[in-house]
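Please keep the sequence and the coordinates in view while reading.

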Amino acid sequence: MKTKQSSTRCVQGLAAALLAVSTMAAPSAQAAFPERPLRIVVPFTPGGGTDIVARQLAKGLTDELGQSVIVENRPGGSTIIGTENVAKSPPDGYSLLMATFAHAVNPAIHKKLPYDTDKAFAAVAMIGKSPNVLVVSAKSRFKSAQEILAYARANPGKLTFGSYGNGTSAHLAGELFKSLGKADILHVPYKGSGPAINDLIGGQIDMIFSTSASVSGQVKSEQLRALAVTTLDRSPSYPDVPTVAESGEPGYFVDSWYGVFVPQGTPKPVIDRLNAAIKKVSANKDFQAALELEGLVASVGTPDALEAYVRQEEARWTKIVQEAGITDQP
């Protein structure tokens, strides 16, 4: 017959065994991520620069993570629709947002976002940076940014520039161009780069300050003409194209970027796993070559580095938006 003391020892031994099993199981559960397919939400229409970058990343992550990574396009609302979808997804690492310039600018333009940008997301990794490119149709009369400014000043409201929605880099680059150049040019927003570029080629709008990834193919095929790049220095992808600052607007610069975010509350080991996988993909020569074709330079760092960069961009563009009087109206 068992004594009370021996029963107590048995219970203690069982508890110790269960604790040991749970301790061993925890790292295994974390190491198992991912156990099912992931998705990258692109807040733009298919075929544009963000979509192209996301699909290249998804292809690499599928190989690296051993699970399918699909791209889900959720355009509209100046990227707010797709961004909100990720913000309200479970914080488990299976829903990723391919964020762009608009992610840092929307809080300054849209006063009633359905999420708090600074609190709803956790940074994973920067993917890369590139210039925006001022492009016109190959049939356009304009051969330089100076010619556009001269015509716009003499003919207020006659010219139009397209964008991929309010708050996108294409929009703010154009607004900054108008503001510094003291020119009246009408903004025409689209839900993505595909429709905007088609209308530009077709002559329905006059120009776009497009992401390089969206127009590099059309520039190479001579459907579009590149007049200027928005970065401080000339782009290696467009060595013969002057900067906007060189073209008569000193102090002008806009960087376009792509970064991955997940919902806030996603476990740190999962974020670290995703960051490490993205770094490996970015080191792949095929991935780098694909990005270079789109005018991008891979620039993957830590989650903290992306977070700091976005906060810096938020502060800079909040000031510019307020000084230029830019609102969430077209």
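V41 lies in strand β1, which spans residues 38-42; helices (H or I, at least four residues) and strands (E, at least two) are DSSP runs, numbered from the N terminus. The model is a predicted one, in which local features need pLDDT of at least 70 and side-chain atom pairs count only at pLDDT 80 or more, whereas totals for chains, interfaces and linings use all residues. Residues are numbered from 1 along each chain as its sequence is written, and side-chain values use heavy atoms, with hydrogens and water left out.

With a relative accessible area of 0%, V41 is buried, a term that means under 20% relative accessible area, against over 50% for exposed and in between for partly exposed (1.4 Å probe, protein chains only). Which residues does V41 touch, not counting residues up to four places away in sequence? They are E72, R74, G82, N85, V86, L96, L97 and M98, where contact means heavy atoms within 4.5 Å. N85 is 44 residues from V41 along the chain, yet their C-alpha atoms are separated by 8.2 Å.

S235 is placed between β8 (224-229) and β9 (255-263), and it counts as buried because its relative accessibility is 5%. The side chain of S235 reaches the backbone nitrogen of S237 at 3.1 Å. Apart from neighbours within four places in sequence, S235 is in contact with P131 and V229.

Helix packing can be followed in another pair of elements. Two packed helices are described by the angle between their axes and the distance between the axes. For α8 (residues 193-202) and α9 (residues 212-220), the axes come within 11 Å and cross at roughly 35 degrees; axes are lines fitted to C-alpha atoms, for helices over the stretch in contact, and angles run from 0 to 180 degrees between N-to-C directions. On the α8 side the contact is made by S193, I197 and I201, and on the α9 side by S214, V215 and Q218.

Finally, the chain may be considered as a whole. It has twelve helices and ten strands, and 52% of its 330 residues count as buried. Among contacts between residues at least 6 apart in sequence, 77% join residues at least 24 apart.

Terms used
Polar contact = N/O pair within 3.5 Å; in protein donor to acceptor, adjacent residues only side chain to side chain.
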